[in-house]
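Hello,

Here is the structure we talked about. Please open it first, then read my notes below.

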Amino acid sequence: MHTTYLDIPQVRKTYAVVGTRPYWIWGFEMGYNEKGLIIGNEAEWSRMEAEAEDGLLGMDLLRLGLERAATAREAIEVITELLKEYGQKASASKLVTRYYENSFILADRSECWVLETAGREWVAREVKDMQGVSNCYSIGKEFDMASENLVNIARERRWLSPGEEFDFAKAYTGHVPNLSGGPQ
């Protein structure tokens, strides 16, 4: 199947989806599927360096999560496996070169999760009360799941002081560009 930039293998079973998207991409900014799974996303900027080759857009990951998962937890598995295999940071603009990662909010009838990504790394927290996603990381010291190398990368790159407790937002937040078009 062809996503915005990459061809990836199709899976045996998919679900019907509805979503919104910019005209030039394959993926969705937000959407839902026939099982009642809802996913939305926001752009994030981390300290992770851009990869040499285009990967999947966060919006492609969102649509693939909707097509391939029935629940929020399953969608986290789908998205993070695809992230691990294909990466992200393809240009997410038709007019200018703009690279970023994504945060997702995923909800089904039983649970809600926030998933935040930085390069191929990720962290997830189940929502117990209220939460949203925006253009800044919101998961800090408390999370329920994470990629295997998340903490080691932050420590090896000295994004935390020696002995400092791991905080995803503090360690991985990068420079947020001026998106208004005005002076930097």
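**What I found**

Start with Glu85, which sits in helix H2 (residues 72–86). Keep in mind that this is a predicted model. Glu85 has a relative accessible area of 53%, so it counts as exposed. Glu74, Glu77, Glu81 and Glu85 gather in a patch of negative charge on the surface.

Now look at helix H1 (residues 58–68). How many of its residues are buried? The count is 11 of 11. The cover over the buried residues of H1 includes H2, along with strand S1 (17–20), strand S2 (30–33), strand S3 (38–44) and strand S4 (101–107).

Next, the salt bridges. There are 6. Side chains of opposite charge can pair when their charged atoms come close.

- Arg63 pairs with Glu67, with the closest N and O atoms 3.2 Å apart. Both lie in helix H1, 4 residues apart, about one turn of the helix.
- Lys141 pairs with Glu165, at 3.7 Å between the closest N and O atoms. This pair links distant parts of the chain, 24 residues apart. Lys141 is partly exposed, at 47%. Glu165 is exposed, at 51%.
- Glu164 pairs with Lys170, and here the closest N and O atoms are 2.5 Å apart. Glu164 is buried, with a relative accessible area of 18%.

Last, check Arg158. It lies in the loop between helix H3 (150–156) and helix H4 (168–172). Most residues other than glycine have a negative phi. Arg158 is exposed, at 72% relative accessibility.

Best wishes

Methods. Residues numbered from 1 in each chain as written. Predicted model: local features only at pLDDT ≥ 70, side-chain atom pairs only at ≥ 80, totals over all residues. Heavy atoms only, no water. Patch = residues over 30% accessible without salt bridge, like charges linked within 9 Å, V, L, I, M, F, W, Y side chains within 5 Å. Areas by Shrake-Rupley, 256 points an atom, 1.4 Å probe, with all protein chains shown as cover. Salt bridge = Lys/Arg side-chain N within 4 Å of Asp/Glu carboxyl O. Lys, Arg positive; Asp, Glu negative; His and termini not counted. Charge placed at Lys NZ, Arg CZ, Asp CG, Glu CD. Helix = DSSP H or I, 4+ residues; strand = E, 2+ residues; numbered from the N terminus. Buried < 20%, exposed > 50% of the residue type's maximum accessible area, 1.4 Å probe, protein only. Contact = heavy atoms within 4.5 Å.
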